[in-house]
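Here are a few quick notes on this one, for when you have it open in your viewer.

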Amino acid sequence: MTTQETNYIAKLRNSGLRPTKQRIKICEVLFNREKTFHFSISELTKILRLQFNQKISLATVYNTVHAFQKKGYLKEISIGNDMSYFDTNTVSHHHFYDANTNELIDINSHEVEIKKTPTPPSGKKIDDIEVTFKISKKI
Ligand SMILES: [Zn+2]
């Protein structure tokens, strides 16, 4: 077993998941990469089916991604419509969102300066601020 596989198994166990072959494949797609990966559940399922030529159920992908998100290995991004995106970059950062291509691009948190924030409702605190810049092709 490679160190990477050991690492995936640890991640799965930490997230309360049994390390099945399919879930290890999911880990490979998610975590074996240099650059940030933004995806929806259906996109990830499609990639897994194409790349590994296997019947992986949407439910397996859904459960695994949500367990990772709960544990902090993935971040969920809301972009203001009903599409749910996930992000392998779990540190605080912002995004460009291209509605034409459904693509998310990372922006470093120091590239955005927030000068004023609203007072949260009583008894609540702000945990994080994420800004989405919606972009489109220049005409
Ligand atoms: Zn991101």
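1. First, the pocket. Keep in mind that this is a predicted model. The largest pocket comes out at a volume of about 210 Å³. Its lining is made up of Lys35, Thr36, His38, Glu43, Tyr85, Thr101, Asn102, Glu103, Leu104, Ile105 and Asp106.

2. Strand E5 (residues 103–107) supplies the largest share, four residues. Both domain 1 (3–78) and domain 2 (92–135) put in at least three residues each.

3. Now the metal. The zinc ion has His38 (NE2), Asp87 (OD), His93 (NE2), His95 (NE2) and Asp106 (OD) as its protein donors, at 1.9 to 2.2 Å. If you want a pattern to search with, the donor spacing along the chain reads H-x48-D-x5-H-x1-H-x10-D.

4. What about the burial of the histidines, buried or exposed? Histidine 93 and histidine 95 are both buried. Histidine 94 has a relative accessible area of 3%, so it counts as buried, the cut-off being under 20%.

5. Last, a bit more on histidine 94. This residue sits in strand E4 (residues 94–98). A polar atom of the histidine 94 side chain is 2.9 Å from the backbone nitrogen of valine 131.

Key:
Residues are numbered from 1 along each chain as its sequence is written. This is a predicted model: local features need pLDDT of at least 70, side-chain atom pairs count only at pLDDT 80 or more; totals for chains, interfaces and linings use all residues. Side-chain values use heavy atoms; hydrogens and water are left out. On a 1 Å grid over the protein atoms alone, a cavity is a set of points where a 1.4 Å probe fits but cannot get out, and a pocket is an open set with protein on both sides within 12 Å along at least five of seven lines; lining residues have an atom within 4 Å of a point. Grid points are joined across faces, edges and corners, and a volume is the space filled by probe spheres set on the points. Helices (H or I, at least four residues) and strands (E, at least two) are DSSP runs, numbered from the N terminus. Domain bounds come from an automatic or database domain assignment. Donors are N, O and S atoms within 2.8 Å of the metal (3.2 Å for Na, K and Ca); water is not among the atoms, so sites may look incomplete. Buried means under 20% relative accessible area, exposed over 50%, partly exposed in between (1.4 Å probe, protein chains only). A polar contact is a pair of N or O atoms within 3.5 Å; within protein, one must be able to donate a hydrogen and the other to accept it, and residues adjacent in sequence count only if both atoms are side-chain atoms.
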